[in-house]
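Please inspect the structure before reading each solution.

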Amino acid sequence: MRVLVVGSGGREHALAWKIASSDAVEALHAVPGSDAMQGLATCHPDVKAMDLDAIVALARSEASDLVVVGPEDPLAAGLSDRLREAGIAVFGPSAAAAQLEASKAFAKEFMARHAIPTADFRVFEDFDAARAHVLALDGVCVVKADGLAAGKGVAVCGEPEGAVAALTEMMRDRRFGEAGARVVIEERLEGEEASYYAITDGTRVTTLAAAQDHKRALDGDRGENTGGMGAVAPAPVVTEAVEKRLLEEVVHPAIAGMAADGTPYTGVLYVGLMIDRTGAPRVVEFNVRFGDPETQPLMLGLDGDLVPLLHGAATGGLGNATPVGFRGTAVCVVLASDGYPRSYPTGRAISGLAAAADQPGVEVFHAGTRRAANGGFETAGGRVLGVTARGENIEEARRRAYAACDEIHFEGMHLRRDIAERVLAG
């Protein structure tokens with residue numbers, strides 16, 4: 001099978017790493033890919049992830065049997081539709097189905113229509129009306145930019161000043177561009193967060209291990225929301241009983257609801273959850289692609305061949321694919337640039353990569369790096385590396401991940417030191 005991966009970040013590096021291990025794959029390409037992915041795939045740096053025409057042309061010229069779309073933006077722009085029109089199998093939903101992530105308001109209204117449990121919400125396009133609403137809530141709420149904001153357009157607020165500041169940044173200052181022209185203001189849920197992954201061909205569903213992301217920039221879940229500072233898989237909070245409820249109350253109703261609404265869903269459905277003390281799940285968000293950095297520990301721990309699942313979902317043949325298991329536990333720690341998730345420097349030399357990769361059970365996935373003039377790597381993004389380790393249990397995986405992190409250095413390197421700590425504490 002000839003496979004093309006779309007994207008260039010840590011998620012796509014991890015996907016390429018897993019796909020390349022499949023005996024079914026004879027050729028792997030990536031657009032644009034990255035310098036770090038060159039050893040796994042033939043990269044096409046001149047083709048951008050949002051250049052839909054060029055991606056379709058490349059998939060044709062390379063006789064791709066399957067295109068796996070990593071980021072959300074090209075999905076929302078209709079890349080899957082274009083590939084399907086060209087007769088090319090693609091793992092990823094249509095633009096119409098991708099509204100589940102591209103518009104928070106669409107997702108909330110969809111959940112309300114299909115009785116999928118989620119937080120109470122209201123949608124606003126007027127700043128003054130939104131401000132009055134958060135003040136009436138005494139600032140205890142979650143403010144979300146309606147559109148795509150690379151995982152950063154969410155503010156969890158506990159007092160009026162913070163809620164109004166979040167609204168100002170999104171609606172007036174347009175920190176996230178047009179994504180913040182409309183906002184969703186939600187009830188603030190309490191419980192444990194988890195990310196659940198269901199692969200579907202539009203009818204059948206197979207599931208992967210649940211993961212737990214760490215969104216806040218600083219230890220103790222303090223600081224700003226980021227695209228993710230680390231993750232652990234599987235997430236112990238998703239017990240067998242919780243998973244049963246998830247499938248019955250969320251996943252199957254969502255897949256059936258999308259079909260009933262005329263927008264059948266194929267690909268991976270990422271369900272961001274809050275699970276309360278009773279084990280009741282409520283949806284925080286839907287995403288229409290694999291999470292980042294959750295994909296890194298997921299790929300490292302998956303036991304089995306992922307490619308038949310991806311191809312089965314893309315072609316309607318998921319029932320013929322063998323489900324995959326999960327070995328032990330995997331932990332990912334993100335090494336970020338100083339200043340992330342706001343402005344940050346680039347071009348800083350990275351040392352210690354080889355020593356980190358030599359640690360037992362460790363893979364280092366590159367999120368924001370490039371080749372330097374001396375042949376090494378330098379920083380090229382806010383989230384720079386996803387240092388990921390597998391172990392027999394959480395303690396071992398976590399210890400291995402941090403031992404590898406301690407081998408790596410670049411000026412201004414920032415990381416959380418408490419990834420998976422809450423999971424360990426139970």
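**Exercise 1.** Identify which residues of helix H1 are buried, and state what follows for the setting of this helix.

*Solution.* The model is a predicted one. In H1, burial is found for Gly10, Arg11, Glu12, His13, Ala14, Leu15, Ala16, Lys18 and Ile19. These are nine of the eleven residues in the helix, which spans residues 10–20, so H1 is largely enclosed by the rest of the structure.

**Exercise 2.** Determine how helices H7 and H8 are oriented to each other and which residues form their contact.

*Solution.* Step 1: the axes of H7 (residues 127–136) and H8 (residues 160–172) approach within 9 Å, with a crossing angle of roughly 160°. Step 2: angles over 145 degrees count as roughly antiparallel, and H7 and H8 are therefore roughly antiparallel. Step 3: their crossing is right-handed. Step 4: H7 contributes Phe127, Asp128, Ala130, Arg131, Val134 and Leu135 to the contact, while H8 contributes Pro160, Ala163, Val164, Leu167, Thr168, Met171 and Arg172. Step 5: sorted by class, this contact comprises nine nonpolar, one polar and three charged residues.

**Exercise 3.** Describe the five-stranded open sheet and locate helix H13 relative to its strands.

*Solution.* Step 1: the strand order is S12-S15-S20-S25-S22, and the pairing is antiparallel. Step 2: S12 (212–213) and S22 (362–366) are the edge strands, each pairing on one side only. Step 3: S20 (residues 329–336) and S25 (residues 383–391) run antiparallel and are joined by eight bridges; Thr329 has Gly391 of S25 as its bridge partner. Step 4: H13 (residues 394–405) lies across S20, S22 and S25, at about 140° to S25.

Methods:
Residues are numbered from 1 along each chain as its sequence is written. This is a predicted model: local features need pLDDT of at least 70, side-chain atom pairs count only at pLDDT 80 or more; totals for chains, interfaces and linings use all residues. Side-chain values use heavy atoms; hydrogens and water are left out. Axes are lines fitted to C-alpha atoms, for helices over the stretch in contact, and angles run from 0 to 180 degrees between N-to-C directions. Helices (H or I, at least four residues) and strands (E, at least two) are DSSP runs, numbered from the N terminus. Angles under 35 degrees count as roughly parallel, over 145 as roughly antiparallel, 65 to 115 as roughly perpendicular and the rest as oblique. A crossing is left-handed if the near helix is turned anticlockwise from the far one by less than a right angle, and right-handed if clockwise. Contact means heavy atoms within 4.5 Å. Ala, Val, Leu, Ile, Met, Phe, Trp, Tyr, Cys and Pro count as nonpolar, Asp, Glu, Lys and Arg as charged, and the others, Gly among them, as polar. Buried means under 20% relative accessible area, exposed over 50%, partly exposed in between (1.4 Å probe, protein chains only). Two strands pair if DSSP finds at least two bridges between them.
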